[in-house]
Amino acid sequence: MSKSLIILGNGGHASVLMETLLKQEQGYEIIGFTTPIMEDNVFGLVYLGPDEVIYNYNPEEVNLVLGLGMLGPSSAREKTFKHFKEKGYYFKSIIHPAAIISPSAQLGEGVQIMAGAIVQTGTSIADNTIINTGAIIDHDGQIGANVHIAPGTKISGAVKIGNGTHIGTGTTIIQGIHIGEKCLIGAGSVVVKELHHHAKAYGVPAKEV
């Protein structure tokens with residue numbers, strides 16, 4: 001029997017995760033969700049209180065699901081993940097049944113892969129990263145921790161993306177490109193050259209700003 005689950009958050013991204021979990025064949029119980037202020041939940045899940053109520057549950061008995069989205073580098077999502085990891089809690093990875101994941105892909109803790117995403121052969125995805133709806137990662141990609149690959153992004157083979165980077169909706173990255181840590185790539189960009197740490201870039205082709 002799998003551990004019971006607590007979902008952190010109740011916004012748009014959390015709702016996608018909740019619906020994904022509820023549609024899957026369950027070997028677990030969703031205890032409820034946490035938010036700073038009490039909110040209704042369209043799926044009928046129980047409001048538990050602010051995140052601090054998680055301390056009432058033994059890390060050996062529950063796993064967490066991080067429902068906070070990510071709009072850019074150094075987000076609350078990364079800080080929340082690190083905080084509860086330090087307290088001994090484990091984050092469950094969520095894979096939508098409509099995603100296609102190569103058997104040789106390596107996924108870290110708390111990775112979330114949404115509907116229609118494709119992750120090809122030899123790709124590695126580190127902890128707490130979101131591969132959002134319809135994103136494509138081709139062979140031998142190396143995706144760091146706390147990264148957000150937004151919907152509709154297309155990443156060619158052997159691309160490396162550093163920790164904490166946000167790749168905007170509909171971005172295209174050509175083969176073999178290296179993107180540094182905590183970069184922000186604007187929606188619809190086409191990345192054709194290397195970007196160093198903390199770069200902000202957008203456009204076709206993408207240029208640093």
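This note sets out numbered points on the predicted model shown above.

1. Basis of the note. The model is predicted: local features need pLDDT of at least 70, side-chain atom pairs count only at pLDDT 80 or more, and totals for chains, interfaces and linings use all residues. Residues are numbered from 1 along each chain as its sequence is written, and side-chain values use heavy atoms, with hydrogens and water left out.

2. Overall composition and size. The chain contains two helices and 23 strands; these are DSSP runs, numbered from the N terminus, with at least four residues (H or I) for a helix and at least two (E) for a strand. The radius of gyration is 17 Å, close to the 17 Å that the globule rule gives for 209 residues, so the chain is as compact as a globular protein of that length. This radius is taken over C-alpha atoms, and the globule rule is 2.2 Å times the number of residues to the power 0.38. Along the principal axes, the C-alpha atoms fill a box of roughly 50 × 35 × 30 Å.

3. Strands of a sheet pair through backbone hydrogen bonds, either parallel or antiparallel. Here, two strands pair if DSSP finds at least two bridges between them.

4. The six-stranded sheet. A sheet of six strands, also open, has the order β6-β9-β12-β15-β18-β21, with parallel pairing. At its edges stand β6 (100–101) and β21 (190–191), each with a single partner strand, so one side of each is left without a neighbour in the sheet. Two bridges link β15 (residues 154–155) to β18 (residues 172–173), which run parallel, and I155 stands opposite I173 in β18.

5. Burial, and the example of N63. Of the 209 residues in the chain, 46% are buried; buried means under 20% relative accessible area, exposed over 50%, and partly exposed in between, with a 1.4 Å probe and protein chains only. N63 lies in strand β4 (residues 62–66) and is buried, with a relative accessible area of 12%. Not counting residues up to four places away in sequence, N63 touches K3, S4, L5, I6, Y90 and K92, where contact means heavy atoms within 4.5 Å.
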